[in-house]
Structure formats: structure tokens, C-alpha cells
Amino acid sequence: MKKIEAIIRKTKFDEVKEALLASDIDWFEYHDVHGIGQSRQERIYRGVAYSTDVIERVAISIVCREYILEQTIKVLLKVAHTGEVGDGRIFISDVIDTYSIRTGENGDTVLKDKK
């Protein structure tokens, strides 16, 4: 099993959510995050200057079986992409085990399989 953590622009979240749901990812966690990026410039939006060093983003966490990993990464890369600085990052890590609190089951059978 793998854990995908993606940090994306808030403006792309709805599109990414719909694309993930359409591609067999039926559960994920998300929350608002703030980060400090590499860009340290001032931008102007509607006449108001603001700094780009503190960036509001959405963090998405997905635990999935390995067979769906590449497909999920491709969806994230395609849909979250704008081509501008600050599009975000994707991190992949191993998941050692998972448990269902309701049933007590463990292992990758706890994850729903649509195959």
C-alpha cells in the first residue's frame, strides 16, 4: 500500500476532487494548509499587493493499493497543473499496515477494491 500526499492550489481542488472520484479513488482526506514556497515576490491582485512567501493550499492524503498508484499520480499531475510557479508537490510513502476500526480487519483488504 502507498500513501499519496499532494499539496495543490486551492483553486484547483474542486477539479481534482471530481477527477479523483471519477478515477476510482472513492475516499481521501483533505485539509487547508499554509506553506512557505520558493517564490519570494510581491504580486498585485485587484489593486492589492500581497507577498507570495506564505501560500494557502489544500493537502490531499490518499492511501491506495499499488496497482492504482500510477493512475492516481497521473490524475493529480494532469488536473492540478497550471504551469505556473506554485502548482504544488506530490509525495509518495509506504504504508506498513491499515486497520478497520469497525471490523478489526487489517491489511490491504480494508481498502475498497473496485476491480
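**Figure 1. Contacts and composition of the protein chain.** Of the contacts (heavy atoms within 4.5 Å) in the protein chain between residues at least 6 apart in sequence, 72% join residues at least 24 apart. This is a predicted model, in which local features need pLDDT of at least 70 and side-chain atom pairs count only at pLDDT 80 or more, while totals for chains, interfaces and linings use all residues. Residues are numbered from 1 along each chain as its sequence is written, and side-chain values use heavy atoms, with hydrogens and water left out. The protein chain holds 2 helices and 6 strands, in the order β-α-β-β-β-β-α-β from the N terminus. Helices (H or I, at least four residues) and strands (E, at least two) are DSSP runs, numbered from the N terminus.

**Figure 2. Burial and accessible area of the protein chain.** Of the 115 residues, 34% are buried. Buried means under 20% relative accessible area, exposed over 50%, and partly exposed in between (1.4 Å probe, protein chains only).

**Figure 3. Packing of α1 against α2.** The axes of α1 and helix α2 (residues 69–80) come within 9 Å and cross at roughly 150 degrees. Axes are lines fitted to C-alpha atoms, for helices over the stretch in contact, and angles run from 0 to 180 degrees between N-to-C directions. The two helices, α1 and α2, are therefore roughly antiparallel to each other, a term for angles over 145 degrees. The crossing of α1 past α2 is right-handed, meaning that the near helix is turned clockwise from the far one by less than a right angle. From α1, Glu15, Val16, Ala19 and Leu20 meet Thr72, Val75, Leu76, Val79 and Ala80 of α2. By class, this contact has 7 nonpolar, 1 polar and 1 charged residues. Ala, Val, Leu, Ile, Met, Phe, Trp, Tyr, Cys and Pro count as nonpolar, Asp, Glu, Lys and Arg as charged, and the others, Gly among them, as polar.

**Figure 4. Ala22 in helix α1.** Ala22 belongs to helix α1 (residues 13–22). Ala22 counts as exposed because its relative accessibility is 67%. Ala22 and Val75 are 53 residues apart in sequence, with a C-alpha to C-alpha separation of 9.9 Å in space.

**Figure 5. Ser100 after strand β6.** Ser100 sits in the segment after β6 (88–94). With a relative accessibility of 17%, Ser100 counts as buried. Leaving aside neighbours within four places in sequence, Ser100 is in contact with Glu105 and Val110.

Methods:
Angles under 35 degrees count as roughly parallel, over 145 as roughly antiparallel, 65 to 115 as roughly perpendicular and the rest as oblique.
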